[in-house]
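Open the model in your viewer and keep the selection panel at hand.

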Amino acid sequence: MEIGFIGLGNMGAPMARNLVAAGHAVTGFDLAEIAIEGVARATSAAGATAGCDVVVTMLPDGVVLRAVYAEIVPIARPGALFIDCSTVDVESARAVAALAASDGLEALDAPVSGGSGGAAAGTLTFMVGGPEPAFARGLPLFEVMGSRAVHCGDSGAGQTAKICNNMIVGATMIAVCEGFSLAEKLGLDPNKLYDVVSTSSGSCWAVTTYCPLPGVGPVSPADNDYRPGFAAELMLKDMRLSQRAAIAVDASTPLAAHATGFYEALVEAGGGGRDFSAVYPGIASRGRD
Ligand code: NAD
């Protein structure tokens, strides 16, 4: 297939490489003029769209996504499929899909989980919103760039699944930090708490695969001086997206609202590039407020 790829950053570059490795002809564009072996370089988003069967975007946010779609939708080949893999707000996902549909083009929101490691290994999970036939058209590419693709529903359903999942992780991470901090202050060996919680009702991903304390549980960013992993600034972005969505539909999310403040504090203290589990040392060192 002729594939256009717009946004060749930490995630986009390895995803584009995997498409090339699978035998696709990829033309890429990034404002930062990023060159990738095997990817033809376009000088504009339109240049990476014209004549392509599929256009994949991997961009920072909804504002950039809307601007790029305004440029590329009018010049796309008839019948082209748009796949946006960025994490953006649900309204932007729906707006760009509607823009594409108004020109008779199919579009999918297909945010990912798995991070840059998953992008390089081709093991991302795609959460996809949009028409079923469009999902079926995109599936062979999801299978190249990832190991799992879930069709979640209509346009915006992929972004909805993504931010709800990350809201859950963001909030449970804070709960796990508080549990381990309290245990330490009560004199309990954190490894003993891990042994109990990991097979008890408090068990969750933040404990069993991502424990925020060094030397506890399987190797995690905490064992690597909190190098990401999943950076705190990306977690903050997703928590804020969840809160914006909650306001838009009048959903009650007080726990997540409070959890968002922990990531805000970490980022404001200069820790945005650290793993999001780096909230632990701050929580553990605090007394009762
Ligand atoms: P990044 O900042 O490394 O890459 C974004 C790229 O987009 C940059 O290279 C930038 O130059 C380019 N860009 C910005 N505006 C552009 C425009 N108008 N035209 C063309 N290129 C433009 O970010 P990333 O880590 O690759 O993340 C991309 C998206 O994936 C984000 O929405 C992020 O939330 C999401 N995401 C990231 C991760 C992760 O672990 N990094 C995991 C899951 C989802």
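A pocket, as the word is used here, is an open set of grid points with protein on both sides within 12 Å along at least five of seven lines. The structure is a predicted model.

**Stop 1: the second largest pocket**

Select Glu-178, Ser-181, Leu-182, Lys-185, Phe-262, Ile-283, Arg-286, Gly-287, Arg-288 and Asp-289, which line the second largest pocket. The volume here is about 320 Å³. Colour the selection by class to see 5 charged, 3 nonpolar and 2 polar residues. Which helix gives the most to this lining? It is H6, with 4 residues.

**Stop 2: the largest pocket**

Move on to the largest pocket, which holds about 1,300 Å³ of space. To find its centre, select Met-11, Met-58, Thr-87, Phe-230 and Leu-234, the closest to that centre of the 42 residues in the lining. Next, show the elements that each supply at least two lining residues: helix H2 (62–72), strand E7 (112–113), helix H4 (115–121), helix H6 (157–185) and helix H9 (232–249). Among the contributors, H9 has the largest share, 5 residues. Coloured by class, the lining shows 22 nonpolar, 14 polar and 6 charged residues.

**Stop 3: the cavity**

How many cavities of 30 Å³ or more does a search of the whole structure find? The search finds 1. About 50 Å³ of space lies in this largest cavity. Helices H2 and H3 (90–102) and strand E6 (106–109) are the elements that give two or more residues to its lining. To show the lining, select Leu-65, Tyr-69, Asp-84, Ala-93, Val-96, Ala-97, Ala-107, Leu-108 and Asp-109. By class, 7 of the lining residues are nonpolar and 2 are charged, with no polar ones.

**Stop 4: salt bridges**

Side chains of opposite charge can pair when their charged atoms come close. The count of salt bridges in this model comes to 7, and three of them are visited here.

Start with Glu-33 and Arg-41, a salt bridge with its closest N and O atoms 4.0 Å apart. Is Glu-33 buried or exposed? Glu-33 counts as exposed because its relative accessibility is 59%, and exposed means over 50%.

Now select Arg-244 and Glu-91, whose closest N and O atoms are 3.5 Å apart in a salt bridge. Arg-244 belongs to helix H9 and Glu-91 to helix H3, so this pair ties together parts 153 residues apart in sequence. Partly exposed is the class for Arg-244, at 42% relative accessibility, and also for Glu-91, with a relative accessible area of 37%.

The last pair to select is Glu-106 and Arg-137, where the side chains meet in a salt bridge at 3.0 Å, N to O. This pair links distant parts of the chain, with Glu-106 in strand E6 and Arg-137 in helix H5 (residues 132–145), 31 residues apart. Glu-106 has 25% relative accessibility and counts as partly exposed; Arg-137, at 36%, counts as partly exposed.

Note on methods
Residues numbered from 1 in each chain as written. Predicted model: local features only at pLDDT ≥ 70, side-chain atom pairs only at ≥ 80, totals over all residues. Heavy atoms only, no water. 1 Å grid on protein atoms, 1.4 Å probe; cavity = no way out; pocket = protein on both sides within 12 Å on 5 of 7 lines; lining within 4 Å. Points joined across faces, edges and corners; volume = space filled by probe spheres on them. Nonpolar A, V, L, I, M, F, W, Y, C, P; charged D, E, K, R; others polar. Buried < 20%, exposed > 50% of the residue type's maximum accessible area, 1.4 Å probe, protein only.
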